[in-house]
Structure formats: C-alpha cells, structure tokens
Amino acid sequence: MDFIDFDTFTKDASGSDNDVFPQPQPPLSLPIASNLDQFSKKLSNLVLPGNILNNDNTKPSNEISEVDNVMEKYAKMSIDLIKRETGDVQLENEEDSKESSVRTSLSTRLSRVLNDSLSDATIREIFSNLQERFDKESNGYVVDLIESGIVGSMSRKKFKGRIESELIRNQSNILKQYQPIVKQLKQIEVKLNKLNELSVQTNDKINKNFDFSNKLNLEIKDLNDNKRLIGLKKNLLISFKEKFTLNEYEEFVLNSGDLNNEFFTTLARAERINENCSILLSLDNPQLGLKIIAKSNQMINRSIDRIVSYTNKTLGNMYSLSSKSRLATLHQCFKYLQNKLNYFNSIVNTFSESRSKVLVDEFNRQVQGDFEVNGQGRSSSISSDSRPIYMSAHDPVRFVGDLLAYVHSVSVNESETITSIFTMGDDNDKEFENIIQDVTDKILQSLSRPIKARVEQIVSTETKLSTLVQIFNLVELYNIMFTKQLGKAGNIVETVKQLIKVCQGRIFMIISNRLATIKNKNSTKLDLNLDLQPPEWIIEFYSDILPIVDQITTETILNLSPEENEKFLNLIVNEPIQVFNEHVDHNKVFSEKKDVLIIKSNFLDLILSKTIPVSLLSEKVLEVNEMIDKLTEEITQLELNNMLGQCGLYDYFNIINMICPFSDDFFEVSIYEPIKENKLYTKDSFVQVDEKVQEFFPSAMIEMQQSLLKLNSPIVVNQIIDNSFMQFVKFYCKLDLINKEYLDFSFTWSDMEIATLVGIEDVYSKDISIM
C-alpha cells in the first residue's frame, strides 16, 4: 500500500505565501470508473470499523452497492473534518485552488494504488492484513491514520515504520534459523581451504612423476616394439618353413618310405603346401612360389605313381589280400584316390577287365569244357570233386538251373570279395557303397551276354510248355536272388529280367502256334459229328496248360502285367472258343440250329468244368457262364416254339406278343381286345388247339428229355425244361383268360393241371404266390 506523504499537503497550489496547514478536502473524483466494478468485488470481504462514521443517516449495507458505500463513507469523512474547523466561508473560496491541486495529487496516488496490476489474491491478502491490524488498534488510531492533515501524515509514517520494523524483525527471525548452517559452512570452509592446499601440493608431485613416467614409457615402448618386430620376423620364418617346405625326413618318406599312415599324412601335408603356394604367387616376385610348387608337384606325382603301382599290384594278386596290413594299406589308397577320378577309374577299369577275363574263361570252361575252349581233352582241367555244367546239357531245366546257380555263386563271390576289399569287412562302412556297386557290375557285365545267349538258345529250341514253365520259374527265382544280392540296377539283374520276358514270349508263342495249328488242321474239323460232343483237341490243349496255370501262386499268370495277363487269359479261354465256333459254323453236318447250340453248350460246359478249379481263371469262369446262359436261353426258346407249334399256338403267341408282350409284372385282359379283329382268332380254332394240347402234354416231358439227351450238363437240361414249360404254362393261363373274355371259351385243362403233367407244379405255385 502506498502512503500519502505529508509534503503533498504543505504546498499551496496558487503559490501564495500565506501557507496554511492542509484542510480536509472535498470529495475526489477518482479516474477509476472503468475499474470500479472489479475493485468492488475485490473489497467485498473488507470490513472497516463501525465507529469510523457515526452518522445516523447511514443506510444498511444490503441496500446500496459496494462502490457507492465506499464513496459515501469517504465523502462523509471529508464533511466531518470540514465541520471541525472554523466555519469561515471565505476560507473555502480561497482554498478552492488548493483543493484542486491536492485532489489531483491524491487522485493520482490512489489511481496508482488501485490500478496496479496485482492479482486478486495479493490484494485480498493486503487488505486482510490491514484489517487485522486495524482491529487490534483503538478507534482513534484509525481516524488519525486516514486524516488528511499533518496528524494523518505523521500517523501514516509511523504506521509505515512499524510495518518496516515488523518486516525487519520477521526477516531477522528467518536469518536466525540459518545461523547454525552458516557456522557449519564456515567450518567446512576452513577444511576446504586445507584440502585445496593439499591438492595443489599433490598435483605438483603428480606432474613431476608424470613427466618422469612418460619418458620411461617411451623408452619401454621402443624396446617392446623392437622385441615384437624381432619375434614377428622369427615367427614368420618358422611359419613359412612349416607351411611351405618339407623337411628331409618327410621327403624321404614320400620318395622311399613304406605306404603307411605316416606316408599319407606327409602326402596330405605336401598337397596343403601346394595349395598354400597360391598366396606366394600373388606377390610382386612369384618366383619363390613357382619353385616351391614345382618341387611339391614333383614329390606328389611321384607319390601318386607309387600308390597306383601298389594298388594295381595288390589287386592283380588276390592272394595278397589275405594280409590284413596289406588290405588296410590298400583301403587307404582307395580313400586317397577316390577324389582323383582319373587315377581311380584307371585302377577300377584295369581290375574289372582282368577279373572279367578270368570269369569269362571260367564260364566257358564250365559250359563248353576244355576241349572246346583250349582244343584239349575235357578232363584235364576238371577236378574230380566238381561237376561241370556242360555234363547236364541233355536236361534243359537242369542245365539252366546249373548255369544260373554257377553265375549266382560267381556273382556272390565277386560281390563279397570286392566288398571286403573296399570295406575291410566292416558292414557299417558305407563310404565306397556306390563304387562297390559299379565295380561289381562292371566285372559281372562280362557274363551277361554269354548267359543270355545260352538260355535263349535253350528256350527257343524247347517246345514243351511244362519245360518252359520250369525254366521260367528258375529264371524268376534267380531274378529274386540276384536282385537281393546285387540290387535292382545291376547288369546281370537286367539280363535275367530280359530272360524272363523271353520265357514269357516263348510260352505265348507256343500256345498261339498250337491254336493256329488246331484252327487250320482238317482233322480237328472232322472231329465234329452228330454225337454233339466236344472235340479231343480241347481236352489235350487244357491237359497241358491248366496244370501249369493251377500251380501258379502269384496274383497273375507268370507274373505278367494286368494287360498281358488279360491277353494270356483270352489266349487260353476265348481263343479256343472262337476257334471251335468257327469250326462249327463252317461245318455242314449240323443242319439244325438246335444241334449247333447243344454242341456249343457242351464245349463251353467242358471248358467250365476245366477252369472252375483254377483260381486265376475265376473271371473267365463268370464269362463262360454268361455264354452258357445265352445258349440256354436260345435252346429254351427253341423248345418253347416247338411246344407251341405242336399245340397249334405258335401263331397266337406271335399275335399276342405283337399286341403287347407278356410280362410277369403287369397283365390286363382289356389290352388284348384288338385280337378279336384277327381272322384266326375263332372259337373253332381253339377247340382244335384244346385237342392238340390234350394229345401232346401227357408225353411232352419224355419227348423233351429225349431231345436233350445229347446235352451233357444235367443242370442246363433241367433249366431248359423248367423254363420252357414255365413260359408255356404262363402263356397258356393268360391266353385262357383272354379267351374267356372275348370268346367265352375255356380250355379243358387248367394251367395248374398242365404244370402238374410236366412236373413243375411246385415252381409254378411259388411263382403265382409271388405274383
């Protein structure tokens, strides 16, 4: 809060010498109209002492606004001060000029106070503190404080001094709180000064020691650099010697030493030296690298030549492989040479050619004998305890079996020998597995052509099916054995598979030739006669083939593919039937169709009886059964037509079927009404038909059985009789119903009586009950 100084009121505004003490001034017009609303809100909580204004004319505070209240109080205080002075009216006129100047000064100070940019909280705090102080003072003190004269000015200065002393006292109390901290800080200051002195002394010593240590470190560094450089040169020389040169002993091992682990280790080191020389070639002067490479290549090539010579010599003498040390050395040679294919392939080819030549000579000696091979007597090279293959040449099956057994034993021996050479008897060693397979296949390949030629020669000259099938079984058996021993990709295995195809083709050819011979042979055509029995050639044909087929336990005949198996079945079943049908159709002995059907049925019945026991022919059995059923239906139709003709019903049967064929599922008499328009459909005609029926049916069963005596199958005979009589009785019954409807005529015998005469009453009764 700003206080109004006393000097403000001591100076006259007009400047006259008659200065007087300041008098109460009239109400001021404060230039704070724009802030009155806000100022009133700020003073809303200020409560002035009630004894400041003792006028009865004051209004209640709740009836006037806060701004008007303040202004009214200020005006009344000014009026009271004026009344206390003398009431000279003239003085008032003289002091108008003073009032204006004082009013202007006071207005300026109050505007500065009230228009200051203080926050609401700050202004509220200031006035609250003033109010608390005013409450503690007497009423006269407050009046003196706000008086505009010298007394008010003195009071305000004292009040200002009290506030300042109180402020000083409060601040001194706050400073007393910090006095212990200040003492501690002064003590710390003393200690810090001492530490600073020690720090300066220590830094001086450190600087001196640092300079000395720098000089010492530089000397040590120079010595270490020299030592490191000397050691680096020494290590480089040692490393170069170890990496790019062989010592005298290692050169001796490669040139003249035995082939052992030390030899191959030294050889591997020489090869590494040769590979590492590529670094030397990248230098500005590659002469050193070229010299080292030339020297190392010379020693490596000489060592490889020693290895190849040793390997060929060892493989050329199979008896030397009995030594385990020599076999181990040979195994190491193979491991080394397997990455050098040109050397390894030359060794394998040399070994394969030598072994192939030995095997072929031995095979020819076993097959032909020494007389044919060497031009000498056979017994000269045949041991007393062995039997050569050529001695069983009179028996084709035994000869092929001995031949394949010999080749299998040779292949097993060669496979085991080669496996032992490359694996040293360790079955878990799979490193040379592919090489073993290739070498074995190359060696045994020499036997493929001779064995194929021998077996094909035997098969091509053999004409007996049983012998060919036995040979086929042997070849197939050894195919399994060769596949198990040598795998599926061996040359011998492929040769044996080709021999299987040869045997299968030869069997096909023999059967086809035999059927072609039967088809074109006149004697087979003459075997057909009126006894209607199957020819003898079909019996002989199946007596050779079916026992062979019956012995087969595989899914298909001769392990043929499904397509070829179907062709073979057609060859042994459908082709004979086709040949027989051609013979029957071109034979003029059979003038009646019934005889043709019966002899064909007898032929198929014979084939059926032969093929039923054979499980591999089950599909053909069903096919033959269907053929027999078709022939049975045709014979049944012929017998039915014969009965209808003898009873005079054949024409009526055709007429009725032309109108609507009979069906077991549906029959309606009204459908057949158009039959009345036919001229043959008369009552007199059916009287004659009734007489013929009574004459024919008492002996109908016997006559039909006699006509079917040449049919061999009793089942087929019964089926024909039952079906033909059943069809006739059904037609007879339905025709009788039609006659009753349109001719008012009925047969003498009923349908059940006719069925009883021919012995089918039970079957007919069941059929009627079902319908």
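**Figure 1. Overview of the predicted protein chain.** Of the contacts with a separation of 6 or more, 71% join residues 24 or more positions apart. The model is predicted. The protein chain has 29 helices and 0 strands. Buried residues make up 36% of its 771 residues. The accessible surface of the protein chain is about 46300 Å². Carbon and sulfur atoms hold 52% of that surface.

**Figure 2. Confidence along the protein chain.** Mean pLDDT is 78 for the protein chain, and 80% of the residues reach 70 or more. Among the elements, helix H23 (residues 618-647) has the highest mean pLDDT, at 92. Helix H14 (residues 370-374) has the lowest, at 43. Two stretches can be viewed with this in mind. Over residues 27-64, pLDDT stays under 50, and the model has 47 contacts beyond four places in sequence for them. Over residues 370-386, pLDDT also stays under 50. For residues 370-386 the model has 21 contacts beyond four places in sequence.

**Figure 3. Helix H17 and its cover.** Helix H17 runs over residues 465-486, which makes 22 residues. At 1.5 Å a residue, H17 should span 32 Å. The buried residues of H17 include Leu465, Leu468, Val469, Ile471, Phe472, Val475, Phe482 and Leu486. Thr467, Glu476, Tyr478 and Asn479 are also buried. Among the elements that cover the buried residues of H17 are helix H15 (396-423) and helix H16 (433-461). Helix H18 (491-520) and helix H20 (536-550) also contribute cover. Glycine 487 follows H17, with a positive phi near 90°.

**Figure 4. Asparagine 587 in a loop.** Asparagine 587 lies in the loop between helix H21 (562-585) and helix H22 (593-611). Its relative accessible area is 15%, under the 20% cut-off, so asparagine 587 counts as buried. Leaving out residues up to four places away in sequence, asparagine 587 touches Lys525 and Leu528.

**Figure 5. A nonpolar patch on the surface.** The patch is formed by Ile174, Tyr178, Ile181, Val182, Leu185, Ile188, Leu192, Leu195 and Leu198. Together these residues have about 840 Å² of accessible area. Helix H8 (residues 179-244) gives the most to the patch, with 7 residues. Isoleucine 174 sits in helix H7 (residues 150-177). Its relative accessibility is 45%, between the 20% and 50% cut-offs, so isoleucine 174 is partly exposed.

Note on methods: Residues numbered from 1 in each chain as written. Predicted model: local features only at pLDDT ≥ 70, side-chain atom pairs only at ≥ 80, totals over all residues. Heavy atoms only, no water. Helix = DSSP H or I, 4+ residues; strand = E, 2+ residues; numbered from the N terminus. Expected span 1.5 Å × (residues − 1). Buried < 20%, exposed > 50% of the residue type's maximum accessible area, 1.4 Å probe, protein only. Contact = heavy atoms within 4.5 Å. Patch = residues over 30% accessible without salt bridge, like charges linked within 9 Å, V, L, I, M, F, W, Y side chains within 5 Å. Areas by Shrake-Rupley, 256 points an atom, 1.4 Å probe, with all protein chains shown as cover. Salt bridge = Lys/Arg side-chain N within 4 Å of Asp/Glu carboxyl O. pLDDT = per-residue confidence, 0-100.
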